Amino acid sequence: MEHEVIEFFPQVVGVYRYPEDKHDAVKVTCQKIRDTIKRGDPNFNQNAHSGDLFHYYNESNSNIYDFHPELEEHRKWVLECASHFFTKVHNYVLNEDNELIVTDAWMNYCLERAEQPEHNHHNALISGTYYVNLEEWVHAPLQFMKREPECHPYIAHEKDWDSPNKYSRYVEDIRPKERDLLLWKSHLIHGYNGNLNMWADRTTISMNFMPRILDNGKYSFVIQNRNDG
């Protein structure tokens with residue numbers, strides 16, 4: 001039959017690749033973190049839902065880049081990528097009096113079968129994850145989940161879940177490669193399935209971003225990190 005499908009309100013994930021010759025230095029730093037920060041250290045904690053997922057520098061307003069100056073080049077690159085995604089993809093405005101800042105950043109390390117329950121990131125506009133150690137097909141992809149509000153009475157009908165299309169599926173798998181930085185709008189719900197984490201050592205650095213001055217053209221305020229003094 002003659003018809004057309006009009007798409008609207010798409011979501012988007014940006015994928016940026018860190019130079020291969022610089023990636024090993026990031027891996028070395030992340031290994032050093034694992035070797036030196038153990039249970040009992042204030043910069044170490046276990047995930048509340050998955051005891052085999054460990055976080056480093058994941059306290060409020062903490063930032064892995066502040067503790068490890070050897071990651072400064074990586075921090076600058078991450079900000080460059082996030083600024084591009086912020087302005088060129090989402091059309092937000094930054095000018096010479098404003099800048100994007102990393103409000104917090106932390107490292108995640110998984111044992112075999114560890115999972116990250118679905119969640120989103122509060123108090124941020126853009127969030128991201130850099131893949132430090134990732135083996136394709138044995139480490140879990142990042143999953144984004146679509147949530148539609150249920151109105152009552154809620155009308156539902158059986159769907160063909162063996163062959164869903166992009167309009168019907170509720171989970172979208174993103175399969176990054178090592179050295180990829182994924183960026184997305186912070187309200188999007190995401191996580192990963194522990195059954196797909198068949199090996200240990202899945203290691204990532206995640207971060208949140210905000211403009212230094214948040215200004216909608218009428219109301220504005222300044223973002224200040226604790227380490228700004």
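## Rings, strands and charges

User: The charged end of R202 sits over the ring of which residue?
Analyst: A charge sits over a ring if NZ of Lys or CZ of Arg is within 6 Å of the ring centre and within 35 degrees of the ring normal. The charged end of R202 meets this, 3.8 Å from the centre of a ring. That ring belongs to Y192.

User: What kind of model is this?
Analyst: Residues are numbered from 1 along each chain as its sequence is written, and side-chain values use heavy atoms, with hydrogens and water left out. Local features need pLDDT of at least 70, side-chain atom pairs count only at pLDDT 80 or more, totals for chains, interfaces and linings use all residues, and the model is predicted.

User: How far from the ring centre of Y109 is the charged end of R34?
Analyst: The charged end of R34 also sits over a ring, that of Y109. The distance to the ring centre is 3.7 Å.

User: How many aromatic pairs are there, and what class is the pair of W161 and Y170?
Analyst: Rings of Phe, Tyr and Trp (its six-membered ring) pair if their centres lie within 6.5 Å; planes under 30 degrees apart are stacked, over 60 edge-to-face, and the rest tilted. That rule gives 10 aromatic pairs. W161 and Y170 are 5.7 Å apart centre to centre, with 50° between the planes, so this pair is tilted.

User: Which strands stand at the edges of the seven-stranded sheet?
Analyst: Strands are DSSP E runs of at least two residues, helices H or I runs of at least four, numbered from the N terminus; two strands pair if DSSP finds at least two bridges between them. The open sheet is antiparallel, in the order β1-β9-β6-β11-β4-β3-β2. Its twist averages 25° from one strand to the next. Two strands have a single partner each, so one side of each lacks a neighbour in the sheet: β1 (14–17) and β2 (44–46).

User: At what angle does α3 run to β9?
Analyst: Axes are lines fitted to C-alpha atoms, for helices over the stretch in contact (heavy atoms within 4.5 Å), and angles run from 0 to 180 degrees between N-to-C directions. Helix α1 (residues 20–36) lies across β3, β4, β6 and β11, at about 90° to β6. Helix α3 (residues 72–89) lies across β1, β4, β6, β9 and β11, and its angle to β9 is about 40°.

User: Which residue is the bridge partner of F144 in β10?
Analyst: β7 pairs antiparallel with β8 over four bridges, with E172 as the partner of F144. Three antiparallel bridges join β7 to β10. There the partner of F144 is H190.

User: How far apart in sequence are the parts tied together by D180 and R17?
Analyst: A salt bridge is a side-chain nitrogen of Lys or Arg within 4 Å of a carboxyl oxygen of Asp or Glu, and the structure has 10. D180 and R17 form one at 2.9 Å, N to O. D180 is buried at 5%, whereas R17 is partly exposed at 40%. D180 lies in β9 and R17 in β1, so the pair ties together parts separated by 163 residues.

Key:
Buried < 20%, exposed > 50% of the residue type's maximum accessible area, 1.4 Å probe, protein only.
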